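Have a look at this one with me. We'll go through it in a few quick questions and answers.

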Amino acid sequence: MTDEHLWLQGKLREICIELGYDAELEVDVAGARVDLRVESAPFPFAFEVQRVSTDFTARRQAREQNGMRTLWLLPESDRQKNTAKGKRKRDPLFSEPSVRLGYRDGPSADAKVLTVDQLRSDVWQGDGSTEVHLIAGVTVGKLGHDKLSFRSSRLPLQAFLQQVLDGSREWYPQRAIQGANGGTWAGWLLGDDVKKYKAEVVAVREMRERREEAARAAAEEAAREKADREREARERQAAAARAEDDEARARCEREQREPMAPRDISGPREATDPALPPEPVRSNSRKPWWRRLLGFFVG
C-alpha cells in the first residue's frame, strides 16, 4: 500500500469512531481483504480506498454475497477504470457506489486543492501538522430548486459518511445526477430529497393532466358551440325555405280561387268623335241595271 492509502485508511477509521461506529481495518471477507469494515445497521459497510483500476463490479458483488454494502472512495489524485469483463465498461465513479475524494486546505467552497507533492511531503509522509479537509463530491446529489432534478454537489467527508451510515443518504443506480452539459449518472441521494422529488413529479404530472383535461374540455365546448351555430344556421335556412314554399303555395291558392277576367281579343279600335254621327257604310258593290230599272217602275 502507498503512503496515501495507509493514511486514508487511518483517517476513515478515525472518522467512523468519532461518529460512534465500530470500524476495523483489513478484515478478511470471502478470501479478500476489506480496507475498512464498519458495523452499521441494518447492514455493515465495506469502505474501499481505490487508487488504481480494478474489477469494481466483481469485488462489489462478492461483498454483497456476504451481506455487506460497498462504498468506493476514489482519490482525485488518481483516475481509476473498471476492468470488469464485458465490452461496456463505464467509469466506476459514475456507475458504481463510489464518491470522489478530494483534498482541500479549508472547509469553504473556494478552498484550494492540495497538490500531490504537498500531500506527500506535508501529510502522507509528514508529521500530521498540516490541516487537510477531505471532501466527498461528484456523485453527491443535491435536489434542485425546481425539485425536479438533482445536481452534483460536495460535502465534508465526515458529514457524507454520517449520512451514508445512518441510512439517510443512499446509492441510486439510476441516472439521477444531471451534469451541466446534460450528462447523467448514478449517485448518492438523501431519502427526504427523493420523496420531495417524487412528490413534485406527481404534482407536475397531475397539473399537466388537469391542464390537458381543461384544454380537452375547452376544445369540446368550442366544438359543441360551433356545432350549435351550424345547426342554428341550418335551421334558419330551412325555416326561410319553408316560408318561401308556404308563400308560393298561398299565392297559387289565391290565383286558383279568384275568377279570371274576360280577355279582349278584338283588335285596336279607331278613335271616333262622339259629337258626330257615325258615317254610313258605303257598299263597294253596285246593283245590276235590270234591278235598278225594275225598282224604278215598281217603286
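A pocket here is an open set of grid points where a 1.4 Å probe fits, with protein on both sides within 12 Å along at least five of seven lines. Keep in mind that this is a predicted model.

Q: How much space lies in the largest pocket?
A: Rolling a probe the size of a water molecule over the atoms shows where empty space is left. For the largest pocket, that space comes to about 280 Å³.

Q: Which element supplies the largest share of the lining of the largest pocket?
A: The lining has 18 residues, and Phe43, Phe45, Arg69, Trp171 and Trp188 lie nearest the centre of the pocket. At least two lining residues each come from α2 (56–65), β4 (69–75), α5 (157–165) and β8 (169–178). The largest share, 3 residues, comes from β8.

Q: How many residues of that lining are nonpolar?
A: Take the other groups first: 3 are polar and 5 are charged. The nonpolar ones number 10.

Q: What separates Asp228 and Arg231 along helix α6?
A: These two form a salt bridge, with the closest N and O atoms 3.5 Å apart. Because they sit 3 residues apart in helix α6 (residues 191–257), what separates them is about one helical turn.

Q: Is Glu247 buried, partly exposed or exposed?
A: Glu247 forms a salt bridge with Arg254, the closest N and O atoms being 3.9 Å apart. Buried means under 20% relative accessible area and exposed means over 50%. Glu247 has 41% relative accessibility, so the residue counts as partly exposed.

Conventions
Residues numbered from 1 in each chain as written. Predicted model: local features only at pLDDT ≥ 70, side-chain atom pairs only at ≥ 80, totals over all residues. Heavy atoms only, no water. 1 Å grid on protein atoms, 1.4 Å probe; cavity = no way out; pocket = protein on both sides within 12 Å on 5 of 7 lines; lining within 4 Å. Points joined across faces, edges and corners; volume = space filled by probe spheres on them. Helix = DSSP H or I, 4+ residues; strand = E, 2+ residues; numbered from the N terminus. Nonpolar A, V, L, I, M, F, W, Y, C, P; charged D, E, K, R; others polar. Salt bridge = Lys/Arg side-chain N within 4 Å of Asp/Glu carboxyl O. Buried < 20%, exposed > 50% of the residue type's maximum accessible area, 1.4 Å probe, protein only.
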